[in-house]
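Please look at the sequence and the structure shown here, and then follow the explanation below step by step.

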Amino acid sequence: MSATAAGGTAVVVEAPGEHRLVPHEPREPGPGEALVRVHASGICGSDREVYQGNRPEGYVRYPLTPGHEWSGTVAAVGAGVPRGLVGRKVVGEGFRNCQVCDRCHAGETTLCTAGYEETGFTEPGAMAGTLTLPARLLHVLPDDADLTAAALLEPAACVAAAAIKANALPGERVAVVGTGTLGMFAVQFLAAASPASLLVVGTRPDRAELSKRFGTTDFRTRDEALPDDVDVVIETAGSASAARTAASLLRRGGRLVLTGIPAPGADGLDPTDLVVRQLEVHTVFGAPPDAWAHTVRVFGAGLLDPLPLVTHELPLAEFAHAIELVGAGDPRVGKVLLKP
C-alpha cells in the first residue's frame, strides 16, 4: 500500500491542557527510516504529564503528537533499509540516540550524551495513523503476534532493563514493590527466572489475584508484616516510601533495582543502612536495546502476557477521556489504549 493510504487523524497537544484532532498526513520515510501503520498506542503517567504541563523542562516539546508506547506494521521503508521489513509487525524504541557517543557505543543508549530526544515527547509519537522513525529502532515481532498486547512492550522493556540489572538466579527469593503495569510486568519477568519465592507488596489488594496468575507466591500490603531476607527486589511504585519499603525487604548484601521516579526532593534511602548492610542498588530510566530485545524474545516465547492489563480500548477522538481515566485512581482502570 502507499504511505498516504494510511493517513487518518492525529492527536496534537498544542500546549498544556490544549489538544485537537487533526487530519494526519504520513511522512514518507527518508534514508534509514521506516513508516509504520499504527495499530495501538498506550497511555501512561508521562503522557498525562505532557497534557497537564508537569513534564520536566527539556523533556517535552510542544506542539506535539504524543504516543511512546505503540505497536504496528511496517508500511514502507526508505533508502538503505531492508525491503523485507515491509509488512512485518513491529514495536520500537523511543530514545532517538546519536549512535556515536561513548555511551551509545557501550549500548547505554538511554544515557546518550548528545541530549534527550524521544518519540512522543520531543519527536512526533504514535497517537496518529502512522509513525515515521529510524528503522534501526524497530524490533520485529513474530508473524502471529497480537499487536494489541504488543502495544504494552515499551513499559515491559523498561522492566526488562530492571530484571537484567537484578540478575535474579533460579532459587533466589525475590520481591516486587508496586502493583501497577510495571509491577505486574516485573512479576512476570521474575517468575520466568524460577525463584524460590516471589512476593508482591502493594497498596491495592485487588491486584492479589492477578499477581498470583502471573506467578507470585505471596501478596501483602505494606501495613502487613513483611520479610527482611529477600535476595532481590524490584521497585516500580514511584514513591520514596516504596523505595524504603523495598530496601527493608532485603537481606544483607541483597540487590535492589529502583524504576519509579518520586517527586523531586523526596526523602530517600538511608546511606548508613545501605553501607552497613552492603546493599547493591541499581536504577533504571528507560530501556536500552538489549532490554528491548530481551522483552520481544520473552513475549514471543509466551512468557509475557500483557493482555490482562488492558482494560480500555478507545478511538483517538477520546484522547481527553483516556487521560482522565489514567489519572482517576479507579482500581478498575488498567492500561488504556488508543486505536487510530
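**Cysteines and a pocket**

The sulfur of Cys 101 lies 3.7 Å from the closest cysteine sulfur, that of Cys 104, which is too far for a bond, because a disulfide is a pair of cysteine sulfur atoms within 2.5 Å. This is a predicted model, in which local features need pLDDT of at least 70 and side-chain atom pairs count only at pLDDT 80 or more, while totals for chains, interfaces and linings use all residues. Residues are numbered from 1 along each chain as its sequence is written, and side-chain values use heavy atoms, with hydrogens and water left out.

Cys 101 is also buried, with a relative accessible area of 10%, where buried means under 20%, exposed over 50% and partly exposed in between, for a 1.4 Å probe and protein chains only. Cys 44 counts as buried too, at 17% relative accessibility, and its closest cysteine sulfur, in Cys 158, is 8.6 Å away, too far for a bond. Searching the whole structure finds zero disulfides.

We turn now to the second largest pocket, whose volume is about 270 Å³. Of the 15 residues that line this pocket, the closest to its centre are Glu 108, Thr 110, Ala 161, Lys 165 and Pro 288. Two elements give two or more residues to the lining, namely helix H4 (153-166) and helix H9 (289-300), and H4 gives the most, with three residues.

A pocket here is an open set of points on a 1 Å grid over the protein atoms alone, where a 1.4 Å probe fits, with protein on both sides within 12 Å along at least five of seven lines, and lining residues have an atom within 4 Å of a point. The volume is the space filled by probe spheres set on the points, which are joined across faces, edges and corners. Helices are DSSP runs (H or I, at least four residues), numbered from the N terminus.
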